[in-house]
Amino acid sequence: MTRMKESARQAARLLNKARKAVALTGAGVSVESGIPDFRSREGLWSRYDPMEYGTIGAFRNDPAKVWEMLAELLFVVEAEPNAGHFALARLEEAGILKGIITQNIDLLHQKAGSRNVVEYHGSIAVFHCLDCGREYDLAHVRERRVPPDCSRCHSLLKPGVVFFDEQIPVQALAESARLLAGADVLLVAGTSCQVVPASLIPSRVHAQGGRIMEINPDPALEGLADVVLAAPFAEAMAKIAEQCLKE
Ligand code: APR
């Protein structure tokens, strides 16, 4: 049996025995859906300096410049979920996975049918005007030229994603805390675990006695994970779900 197959069986056993299994996902889970991540070689931050394009200060200072990068992000909504997203949705449907805390803003978990999704870094589905506060949905923004401005006061709109130096939305903090309370298995997939406070979640679950599994071609959790699948997300996650649902 290959190493990956054996690890998938171990992961499935952990998930099936779990009282409360939760997933934490990052940009890597959407790479096979055609959306670049941030810190891999061809990642977004290899083309845009996060200090110049990724902070709320940069956006307030020069929103038109940051919209040069944001325009690329608007296209994520045309991407389709991959086999891994659908596998997570199946595990939730089967009552094995209680929910997903995602750092992604691409709505792919929801598109795949996952229902309990905490958007820890916000989402691209809503925009608002930083000056008058008026809110707009994605459909409205996609009809307008980029950078989109507010119909009321003509200031540039900000997407509902969390920039660096911005607070995690209070609702996301509350929902993730509820999900993590009592979580005894955490599946970590497609994240470099470099951005606080999301990156603190694995050690928090570990500290409460939870077991950790990781799916990442370049594992980030070092000794924290009980099971590591050093492989791309889609195939590995589909294999784990297949094992879970077979047992
Ligand atoms: N399958 C699984 N993992 C993958 C794949 C794949 N096909 N391709 C890449 N990865 C892994 C990379 O090895 C890396 O560890 O996904 C991870 C992506 O890491 P980042 O690019 O840092 O993305 P993420 O961890 O989600 O970043 C967190 O940083 O820039 C901010 O707000 C942004 O939400 C983002 C946060």
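Contact means heavy atoms within 4.5 Å. This is a predicted model, where local features need pLDDT of at least 70, side-chain atom pairs count only at pLDDT 80 or more, and totals for chains, interfaces and linings use all residues. Residues are numbered from 1 along each chain as its sequence is written, and side-chain values use heavy atoms, without hydrogens and water.

Q: Which residues count as contacts of Ser-7, leaving aside its neighbours within four places in sequence?
A: Val-227, Val-228 and Leu-229 are in contact with Ser-7.

Q: Why is Ser-7 called buried?
A: Buried means under 20% relative accessible area, exposed over 50%, and partly exposed in between (1.4 Å probe, protein chains only). Ser-7 has 13%, so it is buried.

Q: What makes up the secondary structure of the chain?
A: It comes to 10 helices and 9 strands. These are DSSP runs, numbered from the N terminus: helices are H or I, at least four residues, and strands are E, at least two. Ser-7 sits in helix H1, residues 3–17.

Q: Why is the chain called as compact as a globular protein of its length?
A: The globule rule is 2.2 Å times the number of residues to the power 0.38, and the radius of gyration is taken over C-alpha atoms. For 247 residues the rule gives 18 Å; the chain's radius of gyration is 18 Å, close to that, so the chain is as compact as a globular protein of that length.

Q: How many of the residues are buried?
A: Buried residues make up 50% of the 247 in the chain.
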